[in-house]
Amino acid sequence: MTADRRARIDAELDANPFLAELGALFEAAGHELVIVGGPVRDAVLGRPGNDWDFATSARPDEIERIAAGWADAIWDIGRDFGTIGLRKAGRQLEITTYRTDAYAAGSRKPDVQFGDTLDGDLSRRDFAVNAMAIRLPSREFVDLFGGLDDIEANVLRTPVTPEQSFSDDPLRMMRAARFVAQLGFTASPEVVEAMAAMAGRLDIVSAERIRDELDKLITSAHPVEGLRLLVDTGLAEHMLPELPALMLERDEHHRHKDVYEHSLTVLDQAIALEDRLDHAPDLVIRLAALLHDIGKPKTRRFADGGTVTFHHHDVVGAKLARKRMKALRYSNDTTDQVASLIELHLRFHGYGSGEWTDSAVRRYVRDAGDQLERLHILTRADCTTRNQKKAQRLQRTYDELERRIAVLAEAEELGSIRPDLDGGQIMSILGIPPGPEVGEAYRFMLDLRMDRGPLSEADATEALKAFWAARG
C-alpha cells in the first residue's frame with residue numbers, strides 16, 4: 001500500500017476515535033473486530049463516507065453483551081443473519097458475525113451459516129475490492145485477495161471463482177454492473193463471461209432485491225456503463241427485458257434511429273439537467289428517461305417508401321412501464337410518476353413549432369401537474385438529433401414555452417387551475433342534485449377555464465347556462 005493511501009486510512013481512523021474504543025472492547029473479550037467491505041474500499045479511494053460496517057468472530061448474543069456498557073442503544077437488526085445494531089454518540093453502527101451464505105437451487109432466500117475466521121468471511125465477499133479489512137484496534141490492513149491491486153487497475157474480480165461467487169448470490173452479477181456505474185471500474189473478462197453464462201440464475205432472486213440494486217445503479221454517477229453491461233451479458237433480459245428490446249433491427253435504408261442508443265443518450269442528457277431539480281440524483285427522471293421509448297418495439301410499422309412509424313408509442317410505453325415497475329415492486333407513487341412522464345413526453349411536439357396559445361399552455365401545465373419540471377427535463381433531453389439547426393430550433397421553441405408558462409403562472413396560478421364555478425355553485429345555478437350531470441358541467445367549466453382563462457362569476461354563469469341549454 002502506498003504511503004498516501006495508508007495516511008488516508010489513518011486519518012479516517014484518527015477522526016473517529018470510537019472505532020479504537022469498540023475494537024478494544026472486543027479484543028478484551030477475546031474476539032476479533034474488523035472494519036470490512038465498502039467503507040474500507042472507500043477509505044482507500046479517498047471517497048467520503050460516514051457508514052461503517054463491522055464483522056466479528058463473536059456471535060450475536062456475545063456482540064450484545066460486549067457492547068452493552070458502551071453503546072447508547074442496541075437493537076436486533078437481523079439476528080438470524082448475525083447482525084446487531086448499535087448507536088453511539090449519534091452514530092448508527094452494524095456489527096455482523098463472520099458468516100457464509102449461499103442460495104440453494106431454486107431458493108429465493110440465502111442459507112446463512114456463521115463462520116469463525118476473517119479469512120473465510122472475506123472469501124465470501126462479492127468482489128476483491130470489497131474483501132479488504134482493517135483490524136481494530138491494531139489498524140492492521142488485511143488484503144488476502146488483491147483488492148488493492150484491483151483498485152489500482154480499476155477492475156472488478158471476485159475473491160473466489162466468479163462461478164462460485166455468483167452461484168452463492170446471483171445478485172452479485174447485478175452488483176458488478178452497479179460498481180461499474182458507481183466506481184468507473186471495468187469488470188474482468190472472467191467476471192463478464194460468468195455473468196453471461198449464469199444470467200438465468202438471477203431468476204431466483206426476489207424482485208425487491210433486484211429493484212434495490214437497479215435503483216443504486218440508476219442513481220450512480222455513470223449508470224449508462226452499468227446498463228450496457230447488463231444488456232451485453234443478457235442479465236437485462238431477466239429483470240428489465242424492455243431495455244434490450246430497444247435494439248430494433250434497422251431497416252435497410254437506416255431511416256430510423258437506434259432506439260437503444262438514443263435512450264441511453266437521453267438518460268445521460270437528463271442527468272446533465274438534474275440541477276433544475278431540488279435534489280439529485282433523481283430516480284424518477286432517470287427511469288423515465290431510460291424507459292421513455294419502450295413502447296416503440298410494439299408500435300413499429302413500416303410505411304410505403306421505407307418510412308418507419310411508432311404511432312402511440314407514448315401511451316403503449318406508459319402501460320409497459322407500469323407493468324414492469326409493478327413486477328419489480330416499485331411503489332405506486334414512483335410508478336405513477338414515471339408512467340405519467342412517459343405518456344407525456346411527446347406532448348410538446350404535438351403543438352408544432354408555432355406560437356403556443358394560452359389555452360395550450362394551460363393544458364400542458366395541467367396535464368403535467370407536479371411533474372412539470374421533470375417533464376421539462378425529459379423533453380429537452382429527448383432531443384438527440386445531430387442536426388444542429390434542428391436542435392437549436394427545438395431548444396428555442398421550448399425556451400419560449402417555458403417563458404410562456406412562467407408568465408401565465410404568475411398571472412393565473414397555473415399550478416392550481418380550477419373552474420370558475422365549483423360543484424356547489426353549478427348545482428345551485430342549474431337546479432340539479434349531486435350526480436353525473438354535475439361532473440359533466442364541471443368538466444365543461446374546466447375546459448372553458450383552459451380555453452379562455454379566468455372569467456368573472458357573471459360571465460361563467462352565463463356560459464354555463466348556455467352550455468346547459470344547448471345540451472337539451
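This is a predicted model: local features need pLDDT of at least 70, side-chain atom pairs count only at pLDDT 80 or more; totals for chains, interfaces and linings use all residues.
Reader: How many residues from domain 1 and from domain 2 does the contact take?
Author: Being in contact here means having heavy atoms within 4.5 Å. By that cut-off, domain 1 gives 27 residues and domain 2 gives 27 residues.

Reader: What is the area buried between domain 1 and domain 2?
Author: Interface size is often given as the accessible area lost when the parts come together. For domain 1 and domain 2, carbon and sulfur atoms give 52% of that buried area. The area itself is about 2100 Å².

Reader: Which salt bridge does Asp 150 form, and how far apart are the closest N and O atoms?
Author: Between domain 1 and domain 2 the count is two salt bridges, and there are eight residue pairs in polar contact. Asp 150 forms its salt bridge with Arg 157, and the closest N and O atoms are apart by 2.9 Å.

Reader: Which element gives the largest share of the side of domain 1 that touches domain 2?
Author: The elements giving two or more residues to that side are helix 3 (38–45), strand 6 (99–102), helix 5 (118–123) and helix 6 (147–153). By type, the residues on that side of domain 1 divide into 13 nonpolar, five polar and nine charged. The largest share, four residues, comes from helix 6.

Reader: Where is Pro 137, and what is the omega of the cis peptide bond that joins Leu 136 to it?
Author: Most peptide bonds are trans. Pro 137 sits in the loop between strand 8 (132–136) and strand 9 (141–143). The bond joining Leu 136 and Pro 137 is cis, with an omega of about 5°.

Reader: And which loop holds Pro 281?
Author: The peptide bond from Ala 280 to Pro 281 is cis too, with omega near 0°. You'll find Pro 281 in the loop between helix 12 (259–272) and helix 13 (283–291).

Reader: Is His 312 buried or exposed?
Author: His 312 is not a glycine, yet it has a positive phi of about 65°. Its place is the loop between strand 13 (308–309) and helix 15 (313–327). Exposed means over 50% relative accessible area. His 312 has 60% relative accessibility, so it counts as exposed.

Reader: What relative accessibility does Arg 329 have?
Author: Arg 329 is another non-glycine residue with a positive phi, near 65°. It lies in the loop between helix 15 and helix 16 (332–344). Arg 329 counts as partly exposed because its relative accessibility is 47%.

Reader: Which residue caps the N-terminal end of helix 20?
Author: Helix 20 covers residues 423–430, and it is followed by Gly 431, whose phi is positive, near 65°. At the N-terminal end, a side-chain oxygen lies 3.1 Å from the backbone nitrogen of Gly 424, and the residue it belongs to is Asp 422.

Reader: Where do Asp 10 and Arg 6 both lie?
Author: Their side chains meet in a salt bridge (2.9 Å, N to O). They are four residues apart, about one turn of the helix. In an α-helix, residues three or four places apart point the same way, because there are 3.6 residues a turn. The element holding Asp 10 and Arg 6 is helix 1 (residues 3–14).

Reader: How many residues apart are Asp 10 and Arg 139?
Author: Asp 10 also forms a salt bridge with Arg 139, the closest N and O atoms being 3.6 Å apart. This pair links distant parts of the chain, with Asp 10 in helix 1 and Arg 139 in the loop between strand 8 and strand 9; they are apart by 129 residues.

Reader: Is Asp 282 buried or exposed?
Author: The side chains of Asp 282 and Arg 374 meet in a salt bridge (2.9 Å, N to O). Asp 282 is in the loop between helix 12 and helix 13, and Arg 374 is in helix 18 (residues 372–381), 92 residues apart. Buried means under 20% relative accessible area. Asp 282 has 1%, so it is buried.

Note on methods: Residues are numbered from 1 along each chain as its sequence is written. Side-chain values use heavy atoms; hydrogens and water are left out. Buried area is the accessible area (1.4 Å probe) that two parts lose on being put together, summed over both. A salt bridge is a side-chain nitrogen of Lys or Arg within 4 Å of a carboxyl oxygen of Asp or Glu. A polar contact is a pair of N or O atoms within 3.5 Å; within protein, one must be able to donate a hydrogen and the other to accept it, and residues adjacent in sequence count only if both atoms are side-chain atoms. Ala, Val, Leu, Ile, Met, Phe, Trp, Tyr, Cys and Pro count as nonpolar, Asp, Glu, Lys and Arg as charged, and the others, Gly among them, as polar. Buried means under 20% relative accessible area, exposed over 50%, partly exposed in between (1.4 Å probe, protein chains only).
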